[in-house]
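Subject: Structure handover and notes

Dear colleague,

Please find below the structure we spoke about, with its sequence.

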Amino acid sequence: MGQPVQVQFLSPALTSHWTDELHLMSAPVTRRTFAVDGWSPSSWRTRSTLQQPEWIDPGALRASCADLARLPPLVTSFEIEALRTQLAEAAAGQRFILQGGDCAETFDGCEPGSIAARLKILLQMSLVLVQGGRRRVTRIGRFAGQYAKPRSDEFETRGDLKLDSYRGDLVNGLEFHENARTPDPHRLIDAYSRSALTLNFIRSLVDGGFADLHHPEYWDLDFVQHSPLRDEYQKMTREIGQSLRFMETLAGSPVHEMRRVDFFTSHEGLVLPYEQAQTRRVPHREGWWDLSTHMPWIGYRTAVPGNAHIEFFRGIQNPIGVKVGSGTKESTLLEMIHALNPTNEPGRLTLIHRFGTHEIAQCLPALIDAVAKSKARVLWVCDPMHGNTQTVTLNSGPQAGAKVKTRKFAHILTEIEQAFEIHKQKSSVLGGVHFELTGENVTECTGGARGLSDDQLAQSYRSRVDPRLNYEQSLEMAML
Ligand code: PEP
Ligand code: CO
């Protein structure tokens, strides 16, 4: 972490948001260190659990957890505190959060091309958001640990064979045979290792100049040729380039700090033995830290007051997210907020709402009112993906006849637009967005500038769980 660029005395409106963007982690950090009554890293075990695999060899699970507990942490408390500060700023409208990545990372996907592509798209989207929103942007990847999935159905049946559903590479394999689908505790170590490899590569790329914003390929926007908004996109990229050059002129180029940006990690903290094993104390700080990721979140299916997930999360020092949807009642939300953030600390709690474009207008206002009335401090983030999932049948290619999940670009966009509007009407702040996306050229969501149709989904449908925006659709979404 270097010194911030010193240009405050020359800060015209055009450049202030860039200056802030480059002001790397120099703000004072928000610390949260309070004693948590009756909590321990294992106290969740006394509560009812949801979405946990049935481990048939408890001895092997204990051995994996013991191993995890003595291996080095994946992230540090300093980084976690820095993120927490930034989340508090986003809640206050001074910053914007871009959270994104795969629905389910896979062990196979731990390879350089895929990791670099994910980093690149998040970086590009964030620059577009900085330029358009005139606010600093914090990038949080759904990566380096997003290996466990909740499932609506516990079992999957094909013909006469009924097996456990695939629960993500952290738990079992995708192949449809008994061996692969049996939860395997060794996978916890593999997930940790792949997370460490991913994070190591990300840190090296970021330190080594990957995030140098001058790389021309960052601004090679071939797809905009297809868009009716072509002229606007090209103007925007020209302006980003101009802002960068202007900043460099002010600061004296080349400036090392201008070539570095931060990335944080997040994943759904679903498999509690895995999270518990990486939860520890650290020197010079109070409390317990889940060092498997900077920001774990509680999924929609496990966000139930009094259950094991709420119990585990309430005791860790990390900033945490909670998914909120059309089934979340106001009283339930307030109960969870009280359990997870009883002292109302800024930056501690992010509510990630995911209603779907057809339900957001009906559901969100009442939740905003309830939270405002309670005076709870939260950061609101919109996930426009999980309420907009539809099922279609692939009609060509090797997977012809298979039912897959898809999402329409237009539904995703209109949910975000409504979210901004509703928060504005309620004098609330929408402080971020949460996407399932990939830096690769998959065909999983329809629509966008190229007008991808249902018929084209078979061309490159690769997601194991939920459909992701591809590279072009992601960038287009940020621009819109
Ligand atoms: C997810 O984020 O991949 C997910 C399963 O979301 P939700 O818990 O909101 O359904
Ligand atoms: Co998903």
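Predicted model: local features only at pLDDT ≥ 70, side-chain atom pairs only at ≥ 80, totals over all residues.

Residues are numbered from 1 along each chain as its sequence is written, chains are lettered from A and ligands numbered from 1 in the order in which they are written, and side-chain values use heavy atoms, with hydrogens and water left out.

The protein chain has 13 helices and 15 strands, taken as DSSP runs numbered from the N terminus (helices are H or I with at least four residues, strands E with at least two). Of its 480 residues, 59% count as buried, where buried means under 20% relative accessible area, exposed over 50%, and partly exposed in between, with a 1.4 Å probe and protein chains only. Among contacts with a separation of 6 or more, 76% come from residues 24 or more positions apart, a contact being heavy atoms within 4.5 Å.

Which residues coordinate the cobalt ion (ligand 2)? They are Cys 103 through SG, His 386 through NE2, Glu 436 through OE and Asp 466 through OD, at 2.0 to 2.4 Å. Donors here are N, O and S atoms within 2.8 Å of the metal (3.2 Å for Na, K and Ca), and water is not among the atoms, so sites may look incomplete. Along the chain the donors follow the spacing C-x282-H-x49-E-x29-D. Because Cys 103 lies in the loop between strand 1 (95-101) and helix 4 (112-133), and His 386 in the loop between strand 11 (379-382) and strand 12 (390-393), the pair ties together parts that are 283 residues apart in sequence. Both Cys 103 and His 386 are buried.

Helix 12 (residues 409-425) packs with helix 11 (residues 360-374) at an angle of about 35 degrees, with the axes 10 Å apart; axes are lines fitted to C-alpha atoms, for helices over the stretch in contact, and angles run from 0 to 180 degrees between N-to-C directions. In this contact Ile 360, Ala 361, Leu 364, Pro 365 and Ile 368 of helix 11 meet Glu 415, Gln 418, Ala 419, Ile 422 and His 423 of helix 12. These residues divide into seven nonpolar, two polar and one charged, with Ala, Val, Leu, Ile, Met, Phe, Trp, Tyr, Cys and Pro counted as nonpolar, Asp, Glu, Lys and Arg as charged, and the others, Gly among them, as polar.

With helix 13 (residues 471-479), helix 12 crosses at roughly 30 degrees, the axes coming within 11 Å, and that makes helix 12 roughly parallel to helix 13 (angles under 35 degrees count as roughly parallel, over 145 as roughly antiparallel, 65 to 115 as roughly perpendicular and the rest as oblique). Here Phe 409, Ile 412, Leu 413 and Ile 416 of helix 12 meet Gln 473, Glu 476 and Met 477 of helix 13.
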